[in-house]
2 protein chains.
Amino acid sequence: MSSFDLKSLEEILEKYISNDEHLKEVKRLLYGRSEDNKIELSEEATKLASKHGFEIQGYRFTAKAECTRLPRIVRIGAIQNSIVLPTSSPVDTQREAIWQKVQVMIKAAALANVNVICLQEAWTMPFAFCTREKFPWCEFAEEAANGPTTKMLQEWAKAFNMVIISPILERDTNHSDTIWNTAVIISNRGRYLGKHRKNHIPRVGDFNESTYYMEGNTGHPVFETDFGRIGVNICYGRHHPQNWMMFGVNGAEIVFNPSATVGSLSEPLWPIEARNAAIANSYFTVAINRVGSEEFPNKFTSGDGNDPHTIFGPFYGSSYITAPDGSRTPSLSRDQDGLVIAEIDLNLCRQVKDFWGFPMTQRLDLYANALQHATKLDFKPQLIKE
Amino acid sequence: MSSFDLKSLEEILEKYISNDEHLKEVKRLLYGRSEDNKIELSEEATKLASKHGFEIQGYRFTAKAECTRLPRIVRIGAIQNSIVLPTSSPVDTQREAIWQKVQVMIKAAALANVNVICLQEAWTMPFAFCTREKFPWCEFAEEAANGPTTKMLQEWAKAFNMVIISPILERDTNHSDTIWNTAVIISNRGRYLGKHRKNHIPRVGDFNESTYYMEGNTGHPVFETDFGRIGVNICYGRHHPQNWMMFGVNGAEIVFNPSATVGSLSEPLWPIEARNAAIANSYFTVAINRVGSEEFPNKFTSGDGNDPHTIFGPFYGSSYITAPDGSRTPSLSRDQDGLVIAEIDLNLCRQVKDFWGFPMTQRLDLYANALQHATKLDFKPQLIKE
């Protein structure tokens, strides 16, 4: 079996583990919950998904009832998708084809009463950074506040009363046409709320992203929306726990991790990192990865001694959502477009903080001082020799 | 099936997944390696384990050959065990019985050519903090540098040419008889190398540890030994990624996480946290948890509304080792004494750093400044409103 005959880990577990009690126990160990927390989604939503050939899954995470606060129940969602047209097509038609595909998926999310949706990293384009070519790929970059993608999404957000997080390649015309890897946050009233620029940039294998843009300069903003306080940790930032931590320090209740990553590189790390962040910071995390393989016009190398080639991928999808208590949904498939939805009670964040006490015991002052020390040029590590 | 009929997750996967290729793929997704990396251990070691009824498992993690450095191959090990005598026995006889049991296990490690061994948290005693009673449990505390346990281990370390990490309850007689949760590091020449005190103290459920000792004041020391640079992140510190990070910043190649934790509380988090730390910091991690249930003379409550009771547990064992590339060993069993061993090439740490670039892209200055800011009393989170 080549690894891409496997639709998901869940599929294989369900297939083989015939004893229900054993399967429950495996799920408890792997996902933090032995009971199925699937929810029924509206018939219109599932019909639309079926018609357009994408997966749709919904789950529920509950919290305890409180005396002094009402439940704050919202539905969050994530979309994973392949590109549509060959990468040799004109940039604008490539983008429009992706817009059209994703618009249907956002519509399905709306029909499933989703309040906040996040798209995958650089969702309007192929993930062309493997090529190290600047032309034509930089043409996909657009302004965060006034670019065509943002303008279009503002209409959708208003129409669907939905917060939309749109990770794009940003062109900063006010600063020498600089390019950034950016997430734009649009409110459910269709307003541009702000943006976050990717803080940590990879330099590994096909991910030549440091060739295209620099480390973000927007800090760790958290966006207070009608449906919770939201942060965005873009792709490679998920490998950096301190990045996740600062969104928590700034009050995030949900942190989305729009990504693009391939199986040979990171697949065994994928279920670990966003989930660990949810645990450590007592917030919800949403890990999103694209699917499919992308073929480029010119050959490129991967920095691994292998022959030049034109195909990048496969991206393994497997998008999933984790609750602050560390329990998680199964993954979307590894190879199919999909929409994963969780109905969550935001009150769970503070309840888990009170229970586990992680934020209270963080000792941020210890680390503020330790890091100040560590960043000095004459830093001597705390190394003890015999 | 009660959850404790399940010996380990691995057992159930091996039992059900009859197709070898599918099992390999599941292992790749769950453990980061599809091939078995088990090693044969010496016959004397396995015989001793079998005679004394504890599990023994060995695995190998390799690195690439380098031109300018020789391989640095060492064997590291971790011991998980239950206590021996009833907790109503005299303190000194309880301790001696544990010493005797663990001495045999250390002997087995020596016969398996282990160079560095780490014992579980507070290994000389029952994990009595659930009771909130000070007497007689504080009597288990002893001086780090000159206590009876350290003195005895110094002999063993010398005899076996083995670095021993000994997590104990520490009595600091020089500072008002203060009690700490401490790991003592003893060199393979039998010298007391130093100690580390647990940085983050839990206040959750039966883990009333803040009743007994305070947050550690020893920073994040890394001990340079003949067999690698070693840090110790004690128990609850594993929930704090910034704690793991500082051991990495100080140069650790292996970080041990001696723990004591129970199934109902943390079991689904267990495979996530130490493994995430290995990934984020490009070092080896060793997660160690005790096994068995412990019965105390007086009833106590667990802060969960349930009836007073006398039994704490079961601790679920499941000790495992993760490499810097995120691949890991299977777990020891959930209910049996055991010794897990990994033969590792320490060169893998720097190789993974070079490949993934995580330390290089950490942006510690960004976080030093952000945390200085966050710890001010008048801190305003970076919160953006519509």
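Which residues does B:Gln154 touch, not counting residues up to four places away in sequence? In this predicted model, B:Gln154 touches B:Ile186, B:Gly190, B:Arg191 and B:Tyr192.

**B:Gln154 and helix α5 of chain B**

B:Gln154 belongs to helix α5 of chain B. Its relative accessible area is 16%, and because buried means under 20%, B:Gln154 counts as buried.

Besides B:Gln154, the buried residues of α5(B) include B:Thr149, B:Thr150, B:Met152, B:Leu153, B:Trp156 and B:Ala157. The elements of chain B against which the buried residues of α5(B) pack are α4 (91-111), β4 (163-172), β5 (178-186) and β6 (192-197). Just after the helix, B:Asn161 adopts a positive phi of about 50°.

**Helix α6 of chain B**

Helix α6 of chain B covers residues 241-249. Nine of its nine residues are buried, so α6(B) is largely enclosed by the rest of the structure. The buried residues run from B:Pro241, B:Gln242 and B:Asn243 through B:Trp244, B:Met245 and B:Met246 to B:Phe247, B:Gly248 and B:Val249. B:Gly251 follows α6(B) and has a positive phi, near 100°.

| Helix | Residue after the helix | Phi |
|---|---|---|
| α5(B) | B:Asn161 | about 50° |
| α6(B) | B:Gly251 | near 100° |

**The two chains**

How are chain A and chain B related? Chain B is superposed on chain A by a rotation of 180° with 0.0 Å of shift along its axis, at an RMSD of 0.0 Å. The two copies are therefore related as by a two-fold rotation axis. Both copies use the same surface, since 100% of the contact residues of chain B recur in chain A.

**The annotated domain**

According to an unreviewed UniProt entry, residues 74-346 of chain A carry the annotation "domain: CN hydrolase". Over residues 74-346, chain A is 22% helix and 31% strand. The end C-alpha atoms of this stretch are 7 Å apart.

Definitions and conventions: Residues numbered from 1 in each chain as written. Chains lettered and ligands numbered in written order. Predicted model: local features only at pLDDT ≥ 70, side-chain atom pairs only at ≥ 80, totals over all residues. Heavy atoms only, no water. Buried < 20%, exposed > 50% of the residue type's maximum accessible area, 1.4 Å probe, protein only. Helix = DSSP H or I, 4+ residues; strand = E, 2+ residues; numbered from the N terminus. Contact = heavy atoms within 4.5 Å. Least-squares fit on C-alpha atoms with pLDDT ≥ 70 in both. UniProt positions renumbered as here; feature names shortened; annotations may be inferred.
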